[in-house]
Amino acid sequence: MKSINFKDLKSPLFIAWQINSVCNLECLHCCEEAGQSIPGEMNREEIFNFLKQVVNLHIPYVALSGGEPLLHPYFFSICEFLRKDNISLKVETNGEFIDEEKAKKIAQLRFRSVQVSLDGATAYSHERLRLRGNWNKVVSSLRILIKEGVNTEIVFVPTKFNIGEIGQLIDLAYSLGVYGVYTGKIMRIGRAAQNWEILCPSEKDYEYFFKSLNEKIAHYDGRMKVYYYPYDVLEELKYRLKFPAASLLVLPNGKVKLIGPLPFICGDLKKDTLEQVWENYKKAWQNPKVIKFAKEVIAQPRLLAEANRWREI
Ligand SMILES: C[S@@+](CC[C@H](N)C(=O)[O-])C[C@H]1O[C@@H](n2cnc3c(N)ncnc32)[C@H](O)[C@@H]1O
């Protein structure tokens, strides 16, 4: 069978959309540097204009993130709009705003998954990383979502503070009844780049981490899904230079980023149609400026700190 080249696609297969930048937390590792809203976030009309195009182009899968997506005033209207056309929907949340009523709504909308960030098996390490976070509240939200039958996953980001807790966290996840636990190496982007020296696990930490993960994968086989992305952000970038993803990363202001670790913006959904942005995206991967800077980042990883200083191409 002939494999599909992303260039032949008329539209992306996946959209990762940061619907806002507002967050109640100030995570030390936040790749988005979330906290306050940013100037020019899309208004209701711009949001629904974008959503209509997503539906008309039959894009199969959308992930909503932020900021904290549950703080967005149109969060449920956005979800309802996408789900009425049966678009597969994942939501990434810090789990601080889920109550029974919201969990019931989410269950009715039949999301593909709700990914809740839990960065520790203990309140101590979770809250040390997720400033102003409340571990007990997140665990109680997980229970509520599971009780309502929502396909619920835990996402764990390893840092020096919490990496030793991975085994305990997976056991906790199983006792709660989550569908799966997802993890991978911390990305050196945003506040994680600023706090890299205090956060980045050592090689030895990672050795222990992947060994524990593989043991737990075997232990929970057939009972709970435990999975991880094995590559770091630079390995991913190297790969994407050859094989770009068939996906777009949409920012709260409607600008579209080429890929997380690079600062390049390849379109603006307030001005351009989604189809135009997709064509720009495909061309941008051939742009010598992009290729040159990507190679510089790969050679000098500290340049990853530029990832959120957006540059138009
Ligand atoms: C930026 S958060 C936004 C959604 C929500 N506020 C939350 O905390 O989950 C989306 C996902 O990215 C993960 N994340 C944040 N910073 C990261 C980093 N530096 N490396 C890897 N994952 C990161 C979070 O743990 C979360 O699972």
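Start by selecting helix H12: its buried residues pack against helix H10 (233-242), strand E10 (264-268) and helix H11 (274-284). Here, contact is counted when two C-beta atoms, placed from the backbone, lie within 7 Å. Helices (H or I, at least four residues) and strands (E, at least two) are DSSP runs, numbered from the N terminus.

Before going on, a word on what is on screen. This is a predicted model, in which local features need pLDDT of at least 70, side-chain atom pairs count only at pLDDT 80 or more, and totals for chains, interfaces and linings use all residues. Residues are numbered from 1 along each chain as its sequence is written.

**Stop 1: around H12**

Now highlight residues 288-299, the 12 residues of H12. Color Val-290, Ala-294 and Val-297, which are buried (20 or more other C-beta atoms within 10 Å of the residue's own; exposed means 12 or fewer, and partly exposed lies in between, with C-beta atoms placed from the backbone). Looking down the axis of H12, you will find its buried residues within an arc of 60 degrees, so they line one face of the helix. That arc is taken from the directions from the helix axis to the C-beta atoms. Then turn to the other side of H12, where Pro-288, Lys-289, Lys-292, Glu-296 and Ala-299 are exposed.

**Stop 2: the sheet**

Next, show the strands. They include an open sheet of 11 strands with mixed pairing, in the order E7-E6-E5-E4-E3-E2-E1-E8-E9-E10-E11. Edge strands E7 (225-229) and E11 (311-312) each have a single partner strand, so one side of each is left without a neighbour in the sheet. Two strands count as paired if DSSP finds at least two bridges between them.

Zoom in on E7 and strand E6 (residues 180-184): this pair is parallel, over five bridges. Select Gly-184 and you can look for its bridge partner in E7, Tyr-229.

**Stop 3: across to H5**

Move to helix H5 (residues 135-147), which lies across strand E4 (113-117) and strand E5 (152-156), at about 165 degrees to E4. Axes are lines fitted to C-alpha atoms, for helices over the stretch in contact, and angles run from 0 to 180 degrees between N-to-C directions.

Which residues of H5 are buried? Pick out Val-138, Ser-141, Leu-142 and Leu-145. They cover an arc of only 105 degrees around the axis, which puts them on the same side of H5. Their packing partners are helix H3 (100-109), E4, E5 and helix H6 (166-176).

Finish just after H5 at Gly-149, which takes a positive phi of about 85 degrees.

Conventions
Expected span 1.5 Å × (residues − 1).
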